[in-house]
Amino acid sequence: MTAGQRIEVDPRVTGLLRRRTPTWSEHIDLLGPLPQRSTQALLAEIADSGLTGRGGGHFPTARKLALIAGSRDAVIIGNGAEGEPASSKDRTLLHHSPHLVIDGLTLAARIAGTRTSHLATPADLLDEVIAPALRGRPERRVRLHAVPDGFVTGQETSVAAAVEGRPALPVTLTGPLTTHGISGRPTIVLNVETLAHLALIARFGATWFRSRGVPDDPGTRLVTISGAVRL
């Protein structure tokens, strides 16, 4: 398959959003298990895909993951604390596809060489969606953290503070989270949509991901539309 070749995909299988939240067994029946790949091969696939952060920063995801690859003491945080006014794309994703997000956390933890990751979302999502999804999975090494609704609570230092048990407010760091993170450990914060894309790229590959979007901004992107809009 050549670069740039258009691939027809079934959105029921590869789309981020589903009509209803699948159980763990339905999720595996639909997508299959996460492939077992070396860290180098997985990072190369993510880099080739051109995936960038879906939380607003657009930082290349492969470069962020490479910063903590093999560190073993890194802290991996999934950020579902959507603080932007009138935005609900992360909440919608978590409702429809929590297993994709948890798969992405699992992959990030594998790259870092750590067994535990963290997911921060509003409390109602933890209780209604994420905790039930985790109970149905064979591996449950995801620690859950409730983050209050608020404009600044989704900022990455706010989310890191919440994981540490402090108020979810931005803090000024002496260095980047990747070197001066939680308890002095390298820390990365990945938006939940970014994590969901990771889970699909690991299964379907970089060429599939690039079959949507444009060369400089490949893949799909969730947005919130509100107001007097006819859909």
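Reader: Which residues of α8 are buried?

Author: In this predicted model, the buried residues of α8 are T157, S158, V159, A160, A161, A162 and V163. Buried means under 20% relative accessible area.

Reader: What covers the buried residues of α8?

Author: The cover includes four strands: β1, β2 (117–121), β3 (142–146) and β4.

Reader: Which residues other than glycine have a positive phi?

Author: Two cases can be given here. R72 is not a glycine, yet its phi is positive, at about 70°. R72 sits in the loop between α4 (61–66) and β1 (75–79). With a relative accessible area of 65%, R72 is exposed. The other case is S183, with a positive phi near 55°. S183 belongs to the loop between α8 and β4, and its 62% relative accessibility makes it count as exposed.

Reader: At what angle do α5 and α9 pack?

Author: The general idea is that angles under 35 degrees count as roughly parallel, and 65 to 115 as roughly perpendicular. Helix α5 (residues 89–96) and helix α9 (residues 192–204) pack at about 45°, and their axes are 9 Å apart. That angle makes α5 oblique to α9.

Reader: Which residues of α5 and α9 meet?

Author: On the α5 side they are K89, D90, L93 and L94; on the α9 side, V192, E193 and A196. As for spacing along a helix, an α-helix has 3.6 residues a turn, so residues three or four places apart point the same way.

Reader: Are E193 and K89 buried or exposed?

Author: E193 is buried, with a relative accessible area of 0%. K89 also counts as buried, at 12% relative accessibility.

Reader: What other salt bridge does K89 form?

Author: K89 forms one with D90, where the closest N and O atoms are 2.8 Å apart. Both of these residues are buried. A network of salt bridges links R54, K89, D90 and E193.

Reader: Where does R221 stand, buried or partly exposed, and which residue does R221 pair with?

Author: R221 forms a salt bridge with D217, the closest N and O atoms being 2.9 Å apart. R221 counts as partly exposed at 31% relative accessibility, and D217 counts as partly exposed at 33%.

Reader: Which residues form a nonpolar patch on the surface?

Author: Nonpolar side chains are joined into a patch within 5 Å, given over 30% relative accessible area. Here F151, V152 and L169 form such a patch, with about 300 Å² of accessible area together. L169 lies in the loop between α8 (156–163) and β4 (187–191). At 47% relative accessibility, L169 counts as partly exposed.

Methods:
Residues numbered from 1 in each chain as written. Predicted model: local features only at pLDDT ≥ 70, side-chain atom pairs only at ≥ 80, totals over all residues. Heavy atoms only, no water. Patch = residues over 30% accessible without salt bridge, like charges linked within 9 Å, V, L, I, M, F, W, Y side chains within 5 Å. Areas by Shrake-Rupley, 256 points an atom, 1.4 Å probe, with all protein chains shown as cover. Salt bridge = Lys/Arg side-chain N within 4 Å of Asp/Glu carboxyl O. Helix = DSSP H or I, 4+ residues; strand = E, 2+ residues; numbered from the N terminus. Buried < 20%, exposed > 50% of the residue type's maximum accessible area, 1.4 Å probe, protein only. Axes fitted to C-alpha atoms, helices over the stretch in contact; angles between N-to-C directions. Parallel < 35°, antiparallel > 145°, perpendicular 65-115°, else oblique. Contact = heavy atoms within 4.5 Å.
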